[in-house]
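Me: I have a structure open and want to learn how to read single residues in it. Can you take me through a few?

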Amino acid sequence: MKKGDLVRFTAPSVFNAAVWRYAASGVITGVTPEGARTALSGMRSKAFCAVLWADGRTTTEYFNYLELLG
């Protein structure tokens with residue numbers, strides 16, 4: 001996935017209660033690649049991205065919780 005891709009939130013059943021809090025779709029606005037060091041901990045992270053949702057909220061999500069649309 002890359003900046004500009006249209007996505008929706010999807011997650012394992014353990015997160016079913018959280019799915020309703022997300023708009024139906026969103027656009028990736030930024031990507032942090034796997035292995036990048038986070039500013040707070042200085043530790044390497046998994047790839048994640050910023051998503052601007054259709055309801056106007058922006059969240060940070062791991063790629064494995066997103067499904068590419070279209």
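Me: Where is K3 found?
Reply: Strands are DSSP runs of E, at least two residues, and helices are runs of H or I, at least four, both numbered from the N terminus. K3 is in the segment before β1 (6-9). This is a predicted model: local features need pLDDT of at least 70, side-chain atom pairs count only at pLDDT 80 or more, and totals for chains, interfaces and linings use all residues. Residues are numbered from 1 along each chain as its sequence is written, and side-chain values use heavy atoms, with hydrogens and water left out.

Me: Is K3 buried or exposed?
Reply: Buried means under 20% relative accessible area, exposed over 50%, partly exposed in between (1.4 Å probe, protein chains only). K3 counts as exposed because its relative accessibility is 62%.

Me: Which residues does K3 touch, not counting those up to four places away in sequence?
Reply: Contact means heavy atoms within 4.5 Å. On that count, K3 touches I28, T29, G30 and V31. K3 and I28 are 25 residues apart in sequence, yet 5.0 Å apart C-alpha to C-alpha.

Me: What does the side chain of E61 make a polar contact with?
Reply: A polar contact is a pair of N or O atoms within 3.5 Å; within protein, one must be able to donate a hydrogen and the other to accept it, and residues adjacent in sequence count only if both atoms are side-chain atoms. E61, in strand β4 (residues 58-62), makes one with the side chain of Y22 (2.9 Å). Another, of 2.8 Å, joins the side chains of E61 and T59.

Me: Where is Y22 found?
Reply: Y22 is in the loop between α1 (16-19) and β2 (26-32).
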